[in-house]
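I opened this notebook to keep track of what I looked up, entry by entry.

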Amino acid sequence: VSRALAHARDRYTTWVSDVLFPLHERLKGHDTLDRFRSLEATQWLPRLELETLQLAKLRRFLGDIGQHVPYYQELFRAHGFVPESVESLSELTRVPFLTKVLIRANAERLKARDAGKLIRYNTGGTSGLPLLFYMGPRPVSHTWTQAWASIWRTVKMRS
């Protein structure tokens, strides 16, 4: 590759990653830049700090589903599981796994009361029967923005 072509490619990559992509994500209402900054800020944390952060996020997530998702509200109560007091990942073994059978049997009870508009999704059914499930716009956005933030970080590291 000629030096001029490599330079043009680098300028284009920089323009897309520093101007076009952030503008695109902002116009779509995504928080990709915030997620990118969070990845940047946490990627080199010492192990103990990272585990503390992960545990805090896990507690928040479990507390949220324990408060807003009827299935988990009942499950946690039945097993004496208190999300806010989780001190290690090993405590999750007190809660049964969520299986496809359970998802099918509890589809309505697995919907968060505060979810808002839900979008129906399904798996391809490669194991026999497709699995139907619902997600709100926030989890969908989170999944995509987390993926794009990760990709963007890789691009930024190369430029």
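I looked up which residues of helix α1 are buried, and I found Ser17, Phe21, Pro22 and Glu25; buried means under 20% relative accessible area, exposed means over 50%, and partly exposed lies in between, with a 1.4 Å probe and protein chains only. I note that this is a predicted model, in which local features need pLDDT of at least 70 and side-chain atom pairs count only at pLDDT 80 or more, while totals for chains, interfaces and linings use all residues. Residues are numbered from 1 along each chain as its sequence is written, and side-chain values use heavy atoms, with hydrogens and water left out. Helices (H or I, at least four residues) and strands (E, at least two) are DSSP runs, numbered from the N terminus.

I then checked the length of α1, residues 3–27: at 1.5 Å a residue its 25 residues should span 36 Å, and the end C-alpha atoms are 35 Å apart, which agrees. The expected span is 1.5 Å times one less than the number of residues. I also found that α1 bends by about 40 degrees at valine 16, where the bend is the angle between axes fitted to the seven residues ending there and the seven starting there. After α1 comes glycine 29, with a positive phi near 80 degrees.

I asked what valine 155, in helix α6 (residues 137–158), is in contact with beyond its neighbours within four places in sequence, and I found Thr13 and Ser17; contact means heavy atoms within 4.5 Å. Valine 155 and serine 17 are 138 residues apart in sequence, yet their C-alpha atoms are 7.6 Å apart in space. Valine 155 is partly exposed, at a relative accessible area of 30%.

How many aromatic pairs does a search of the whole structure find? It finds four, where rings of Phe, Tyr and Trp (its six-membered ring) pair if their centres lie within 6.5 Å, and planes under 30 degrees apart count as stacked, over 60 as edge-to-face and the rest as tilted. Tyrosine 72 counts as buried at 16% relative accessibility, and phenylalanine 76 counts as buried at 5%.

I next turned to tyrosine 121 and phenylalanine 133, whose ring centres are 5.9 Å apart and whose planes are at 20 degrees, so the pair is stacked. This pair links distant parts of the chain, with tyrosine 121 in strand β1 (residues 119–122) and phenylalanine 133 in strand β2 (residues 132–135), 12 residues apart. Tyrosine 121 is partly exposed at 28%, and phenylalanine 133 is partly exposed at 26%.

Tyr71, Tyr72, Phe76 and Phe81 form one aromatic cluster. Just after α4, glycine 80 takes a positive phi of about 60 degrees.

Leaving aside neighbours within four places in sequence, histidine 68 is in contact with Lys111, Ala112, Arg113 and Asp114. Aspartate 114 is found in the loop between α5 and β1 and is partly exposed at 46%; apart from residues up to four places away in sequence, aspartate 114 touches Asp64 and His68.
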